[in-house]
Amino acid sequence: MVYFLCCSLVVLYLQGMPWMAFIKIFRLLLWLFVPILLFHGLFTPGLYVQSPIALPLTIEGLSRGLYLSLHIALIFFAAMLLYRSLTMAEWYSCLNRLPKANVLQPYFLLIPQLRKRLYAILSEQKQSWRVLEQRWLHLPDMLVLSIQDMLHAGEEEAEALWYNWDTRLASMHAEPIVLWAVKDIGYAVLLLLGWGFLWMN
């Protein structure tokens with residue numbers, strides 16, 4: 001599992017993902033991994049860790065928590081790799097192959113616009129929150145306000161999609177998926193070399 005996680009990180013880096021993006025993602029995932037490790041370590045029976053941790057954590061619990069955290073990280077980065085490997089037109093081509101795909105078309109057309117709106121809303125709310133005095137006391141209100149703004153933005157984008165349905169649908173054309181581009185051949189070679197080293201060890 002660690003091997004596949006490392007392969008995903010290497011391929012994402014070769015695709016042009018900067019190191020700062022990896023650092024930000026890992027900092028974000030820590031908010032998920034630390035509670036998982038603590039809950040598993042505290043509530044899983046087994047042999048307690050003697051030092052240097054003063055908490056009653058078990059080795060079995062920490063092992064299970066680490067295993068689950070690695071699974072989540074692998075799923076996250078593999079999904080990111082798949083998302084970055086295809087263009088929006090190629091994703092739309094995949095969508096057209098699904099049964100009853102026309103039901104998903106409105107959601108698929110809403111994604112690009114909603115991403116821009118939600119990023120702008122969160123950036124604005126974050127800047128407003130940072131200048132507040134005793135900002136941690138205002139955090140619940142800011143979170144509720146952010147959710148309300150997101151819901152309002154979703155309603156506006158859905159209404160705009162309704163009135164401009166033909167234009168939006170015409171702009172999203174399906175393209176065939178190119179399976180063997182030059183960069184994909186390099187990734188395949190890297191994967192085969194990795195498999196070879198794995199089986200040799």
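Glutamate 156 is partly exposed because its relative accessibility is 34%, where partly exposed denotes the range between buried (under 20% relative accessible area) and exposed (over 50%), with a 1.4 Å probe and protein chains only. This is a predicted model: local features need pLDDT of at least 70, side-chain atom pairs count only at pLDDT 80 or more, and totals for chains, interfaces and linings use all residues. Residues are numbered from 1 along each chain as its sequence is written, and side-chain values use heavy atoms, with hydrogens and water left out.

**Salt bridges**

- Two salt bridges are counted, each defined as a side-chain nitrogen of Lys or Arg within 4 Å of a carboxyl oxygen of Asp or Glu.
- Glutamate 156 pairs with arginine 117, with the closest N and O atoms 2.8 Å apart.
- Since glutamate 156 lies in helix α6 (residues 139-163) and arginine 117 in helix α5, this pair ties together parts 39 residues apart in sequence.
- Glutamate 157 also forms a salt bridge with arginine 117, and here the closest N and O atoms are 3.0 Å apart.
- This second pair links distant parts of the chain, glutamate 157 in helix α6 and arginine 117 in helix α5, 40 residues apart.

**Positive surface patch**

- Lys24, Arg27, Lys126, Arg130 and Arg135 form a positive surface patch; such patches consist of residues with over 30% relative accessible area and no salt bridge, like charges being joined within 9 Å.
- Lys and Arg count as positive, and the place of a charge is taken as NZ of Lys or CZ of Arg.
- Helices α2 (19-43) and α5 (105-130) are the elements that give two or more residues to the positive patch.
- Lysine 126 is found in helix α5 and counts as partly exposed, with 47% relative accessibility.

**Overall architecture**

- The protein has eight helices and zero strands, taken as DSSP runs (helices H or I, at least four residues; strands E, at least two) numbered from the N terminus.
- Of the 201 residues in the protein, 24% are buried.
- Among contacts (heavy atoms within 4.5 Å) between residues at least 6 apart in sequence, 62% join residues at least 24 apart.
- The protein exposes about 14,900 Å², of which carbon and sulfur atoms supply 71%; accessible areas come from the Shrake-Rupley method with a 1.4 Å probe.

Terms used
Patch = residues over 30% accessible without salt bridge, like charges linked within 9 Å, V, L, I, M, F, W, Y side chains within 5 Å.
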